[in-house]
Amino acid sequence: MIVLGCNGFSRVSEVFAEHFGSVGTEKHYLLGHDAGASLLVDGRLVAAVEEERLNREKKTTDFPFHSVSWCLEQAGLRFSDIDLIAIPWNFSPEVFDEMLAGITSAPMAHSAKLDLIAGIGKLFTEVVSHDAILADFAARTGFTPDPAKVVFVPHHLAHAMTGYYLAGMKDSAFLVSDGRAEVFSSVTGEIRDGRIRVFDESAVGAQHSIGLLFAAITRYLGFVPNNDEYKVMGLSGFARPPAPNPFLEHLVDLHEDGRYTFRRPLETDDPRGLDPLFEEYFGPAQDTLAYRARVAAAAQEMLTVVTNHQLRALEARTDLNHLLFEGGVALNCLNNTPLFEGSRFDDMDVSFGASDTGIVIGAAVHAWLGHPDTSDAQRSTPAPVTPYLGPEYDDATIERTLREFGGRVEWTRLNDDEVVDQVAKLLTEKVVIGWYEGRIEHGPRALGHRSILANPRFPDIKDVINTRVKHREPFRPFAPIVLEADAPKVFEMGRKTRSPYMTFVFPVRPEFHDVIPGATHVDGTSRVQTITDRDTPRLAALLRRFTALTDVPCLLNTSFNVAGEPIVCTPTDALNCFLGTEIDHLVLGNHLVTKAVVRTPGRPV
């Protein structure tokens with residue numbers, strides 16, 4: 001069975017800009033961001049890519065034409081070969097009625113209600129209804145799907161199924177939390193034998209979304225909401241939360257069934273509506289590190305308390321011992337470690353597709369598992385999982401691209417052993433290296449195929465990369481990669497044995513603070529990626545060789561891009577980023593690339 005997962009809408013940004021003010025700083029306050037596609041063939045995930053990697057528009061919401069086309073081309077398939085198309089949204093007529101009922105009962109002026117109803121009506125009829133999605137697919141691809149072969153998967157169920165599949169299809173309890181889905185912002189439940197069950201009494205409506213509240217705080221602190229929440233997470237390490245915490249004292253109410261509510265429900269059409277409340281709590285807004293860190297620390301503690309409350313109720317409701325945490329809130333990796341450590345679950349997985357990047361995978365899995373032709377044996381047989389699911393480019397393409405850059409770069413072709421040896425030696429110095437190999441990773445984190453690497457031994461390497469390469473805020477930390485076998489020696493891993501997707505934060509052991517200062521945050525923690533020879537053999541060999549030369553057991557790893565741009569995909573993307581920044585060397589497949597020396601005529605070199 002062939003299942004295509006598809007997320008993205010041609011006109012959603014236009015409708016949200018016109019009716020909901022999603023422009024400028026608020027441009028990501030909309031549905032369908034992180035557009036992309038995936039392809040599942042007989043239960044095996046053979047391809048997945050985010051549209052932004054191909055159209056070069058960060059967090060694009062557009063219909064994923066390039067992603068769909070690439071997935072089919074990768075598998076040698078045509079549209080007529082597809083058995084099911086899975087959409088990770090289900091805006092059914094019943095959902096629309098529920099949305100309208102929520103608006104009419106909301107405590108707002110009649111004029112505001114009428115404006116909101118008009119906007120929701122246009123969104124439904126022109127963008128997200130079943131008929132609108134089918135028409136959009138046909139218009140953009142030239143292929144008209146059979147409506148009977150299109151499965152509309154509720155958004156949060158797609159999230160849950162993403163985690164389930166990528167964790168090896170083990171029976172699991174799940175917590176999904178994000179900004180909003182069709183109606184809710186968070187749900188809990190179980191997946192047993194591939195069949196999902198939601199605990200309805202635990203569902204949290206969008207007007208009480210911890211994800212949207214965190215987004216509002218992100219905007220208040222001067223960042224882009226639904227995009228820069230990780231900056232708030234990073235800022236929180238510079239301060240301790242105020243005691244008492246005004247968010248927990250005056251805004252959030254916790255209920256016995258694991259739900260929570262806000263004493264002042266969110267007005268999702270007014271992202272600035274809570275600004276006066278924030279100033280009441282913390283004083284007039286100030287563009288200082290101390291002020292922003294204090295607000296960020298309070299927000300981080302609030303998010304931790306709320307999700308912990310949800311988890312306590314889930315523990316009481318299920319007898320399963322494995323936990324999945326998915327949705328955009330699960331990318332708050334500072335929260336994930338204490339959440340797991342304080343639970344009774346044997347293990348907790350947060351996937352590389354926890355945000356909306358992954359819902360194309362979960363929707364396809366949900367459609368496949370729910371189809372009558374899928375056997376019980378298939379439902380219980382996990383397929384191999386890897387995050388390296390996107391395009392790759394062969395040596396011929398790389399060398400043709402290098403020649404196109406003419407006299408701007410110089411390169412040497414090496415074998416794998418030579419790449420490892422030479423790059424390890426380069427990394428003993430204070431240099432920055434672009435590392436590009438194989439298929440591009442899926443999800444928001446660079447996991448070693450489109451990465452920027454450096455030696456974390458140098459305390460100021462973070463400043464070098466933030467200022468001269470990434471062009472981003474100086475307080476932003478960087479993550480270390482470490483061999484899975486060495487991780488407990490360097491980090492206080494607690495009950496976790498691995499963190500392959502950079503979704504958990506751990507304290508750095510005191511004896512290593514001075515060994516990896518460039519990858520240690522101000523609060524003494526690191527967002528760790530553990531690697532193995534099985535998952536990333538050449539990167540693991542590089543780290544092993546680097547450690548032998550330096551006695552430093554980690555490398556600093558960050559995404560191969562600059563602020564505001566998607567992670568590089570093609571060799572051309574990599575070379576443009578390399579030449580546009582102060583990256584010192586570039587590994588492009590088996591080619592070690594340097595910038596050409598500009599020679600002035602008549603002057604000795």
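Helices (H or I, at least four residues) and strands (E, at least two) are, in this presentation, DSSP runs numbered from the N terminus. The structure before us is a predicted model, in which local features need pLDDT of at least 70 and side-chain atom pairs count only at pLDDT 80 or more, while totals for chains, interfaces and linings use all residues. Residues are numbered from 1 along each chain as its sequence is written, and side-chain values use heavy atoms, with hydrogens and water left out.

I begin with backbone geometry. In general, most residues other than glycine have a negative phi, and most peptide bonds are trans. Alanine 243 and proline 244, however, are joined by a cis peptide bond, with omega at about 0°. Proline 244 sits in the loop between α9 (229–235) and α10 (246–250).

Histidine 471 is not a glycine, yet its phi is positive, at about 55°. This histidine 471 belongs to the loop between α18 (461–470) and β17 (479–483). With 47% relative accessibility, histidine 471 counts as partly exposed; on this scale, buried means under 20% relative accessible area, exposed over 50%, and partly exposed in between (1.4 Å probe, protein chains only).

Helix α6 covers residues 130–141, 12 residues in all, and spans 17 Å from its first C-alpha to its last, close to the expected 16 Å. The expected span is 1.5 Å times one less than the number of residues. Which residues of α6 are buried? They are Ala132, Ile133, Leu134, Asp136, Phe137, Ala138 and Thr141. Their cover includes β1 (2–7), α3 (65–75), β4 (84–87), α5 (110–128) and β5 (150–152), where contact means heavy atoms within 4.5 Å. After α6 comes glycine 142, with a positive phi near 80°.

Helix α20 (residues 537–550) has 14 residues and reaches 20 Å between its end C-alpha atoms, close to the 20 Å expected. Its buried residues are Arg538, Leu539, Ala540, Leu542, Leu543, Phe546 and Thr550. Just after α20, aspartate 551 has a positive phi of about 65°, and this residue lies in the loop between α20 and β20 (554–559). Aspartate 551 is exposed, at 63% relative accessible area.

Next, the interior. A nonpolar core is here a set of buried Ala, Val, Leu, Ile, Met, Phe, Trp, Tyr and Cys residues joined through side-chain atoms within 4.5 Å. The largest such core has 84 residues, and those with the most contacts inside it are Ile210, Leu213, Ile217, Phe247, Val423, Phe491 and Leu542. Helix α12 (residues 289–317) contributes the largest share of this core, 10 residues. Apart from that core lies another, of 80 residues, including Phe20, Leu72, Val95 and Ile359.

What does isoleucine 210 contact, leaving aside neighbours within four places in sequence? Isoleucine 210 is in contact with Ser177, Tyr260, Phe262, Met302, Leu303, Val306 and Val329.

Isoleucine 82, in the loop between α3 and β4, is buried, with a relative accessible area of 8%. Not counting residues up to four places away in sequence, isoleucine 82 touches Ile2, Leu4 and Leu72.

I come now to charged pairs. Side chains of opposite charge can pair when their charged atoms come close. A salt bridge is taken as a side-chain nitrogen of Lys or Arg within 4 Å of a carboxyl oxygen of Asp or Glu, and by this rule the count comes to 35.

Lysine 59 lies in the loop between α2 (51–55) and α3, and aspartate 34 in the loop between α1 (12–20) and β2 (36–41), so the pair ties together parts that are 25 residues apart in sequence. Lysine 59 is buried at 12% relative accessibility, as is aspartate 34 at 9%.

Within α12, arginine 312 and glutamate 315 are separated by about one helical turn because they are 3 residues apart in that helix. Their side chains meet in a salt bridge at 2.8 Å, N to O. Arginine 312 is partly exposed at 27% relative accessibility, whereas glutamate 315 is buried at 13%. Elsewhere, Asp228, Lys231, Glu473 and Arg476 are linked in a network of salt bridges.
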